[in-house]
Structures are given as C-alpha cells and as structure tokens.
Amino acid sequence: MALSTRQIVHLHSANEAELYLTWPVIQRMHEVLVDSERVMLVPGEDWVRVRLDGDSDVRLFTSLVSVAIQANSAAVRECHQPVAPCPKHRLTSV
C-alpha cells in the first residue's frame with residue numbers, strides 16, 4: 001500500500017506486515033506499541049512489524065494503517081523524499 005509514491009504498508013507473509021509509521025510517531029506511541037506484544041520495533045527505524053495471527057491483530061493492524069496514513073500525509077504533501085526500505089528487506093538483500 002502506498003500513499004502517493006511513498007510505500008507505507010507491505011506484507012512479508014500471510015501473518016506478518018510492516019508499516020512505515022515514522023520515528024516521531026513510534027516514539028510517541030512507544031509504550032502502547034511495546035505493550036501490545038504484537039508489534040516489533042527496531043530502535044531508530046521508521047518501520048514496525050506487526051504479527052497477524054488473529055482478528056484482534058488485524059484490528060490493531062488496521063488502526064496502525066490509519067496512523068501510518070496520517071503520519072505520512074504531511075510528508076507526502078511537503079516533498080517526495082525517499083523512504084528507507086524496511087529492515088527485513090535490507091537483511092535479505094545483503
């Protein structure tokens with residue numbers, strides 16, 4: 001899923017997705033994201049990984065997609081800066 005030319009969501013498998021939330025949003029929501037135990041964070045990364053093993057995970061993912069859209073909407077309007085590839089992609093392409 002992309003917002004303009006900026007990718008903000010992609011699936012790695014049927015039960016794992018990544019979202020481009022941006023580091024400021026991740027910092028602001030850090031406690032909630034960690035407490036969910038379904039979201040995996042990598043310090044300093046703009047991407048978060050979400051496990052999708054049940055209905056509640058899908059609801060969490062859907063809510064976070066909304067957050068990702070809001071977090072990236074202003075950046076898309078301002079300029080088209082490239083988004084760093086997701087951490088998992090960087091690991092598999094080295």
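Visitor: Hi! In what order do the elements of the protein chain run from the N terminus on?
Guide: Starting at the N terminus, the order is β-β-β-β-α-β-β-α-α. That gives 3 helices and 6 strands in the protein chain. Keep in mind that this is a predicted model.

Visitor: Okay, predicted. Where is confidence lowest and where is it highest in the protein chain?
Guide: Helix α3, residues 87-92, has the lowest confidence with a mean of 60, while β6 has the highest at 95. Over the protein chain, the average pLDDT is 84, and 81% of the residues score at least 70.

Visitor: Let's talk strands. What is the order of the strands in the open sheet?
Guide: The open sheet has 4 strands in the order β3-β4-β6-β5, and the pairing is antiparallel. Its edge strands are β3 and β5 (39-41), each of which pairs on one side only. On average, neighbouring strands of this sheet are turned by 25° against each other, ignoring direction.

Visitor: Does anything sit on that sheet, I wonder. Which strands does helix α1 touch?
Guide: Helix α1, residues 23-36, packs on the sheet and touches β5 and β6. The direction of α1 makes about 130° with that of β5.

Visitor: Back to the pairings. How many bridges join β5 to β6?
Guide: There are 3 bridges, and the two strands run antiparallel. In one spot, Leu41 has Val48 in β6 as its bridge partner.

Visitor: And how many bridges are there between β3 and β4?
Guide: Strand β3 (residues 9-13) pairs with β4 over 4 bridges, in the antiparallel sense. Together β3 and β4 make a hairpin, with 2 residues between them.

Visitor: What about β4 and β6, how many bridges there?
Guide: That pairing is antiparallel too, with 5 bridges between β4 and strand β6 (residues 47-51).

Visitor: New topic: rings. How many aromatic pairs does a search of the whole structure find?
Guide: The search finds 1 aromatic pair. Tyr20 and Trp47 form that pair, which is edge-to-face, with 5.2 Å centre to centre and 65° between the planes.

Visitor: Nice. Which parts does the pair tie together?
Guide: Tyr20 lies in strand β4 and Trp47 in strand β6, so the pair ties together parts that are 27 residues apart in sequence.

Visitor: Last one, for the wider view. What share of the protein chain do buried residues make up?
Guide: Buried residues are 33% of the 94 residues in the protein chain. As for contacts between residues at least 6 apart in sequence, 63% of them join residues at least 24 apart.

Definitions and conventions. Residues numbered from 1 in each chain as written. Predicted model: local features only at pLDDT ≥ 70, side-chain atom pairs only at ≥ 80, totals over all residues. Heavy atoms only, no water. Pairing = 2+ DSSP bridges. Axes fitted to C-alpha atoms, helices over the stretch in contact; angles between N-to-C directions. Contact = heavy atoms within 4.5 Å. Phe/Tyr/Trp six-rings, centres within 6.5 Å; stacked < 30°, edge-to-face > 60°. pLDDT = per-residue confidence, 0-100. Buried < 20%, exposed > 50% of the residue type's maximum accessible area, 1.4 Å probe, protein only.
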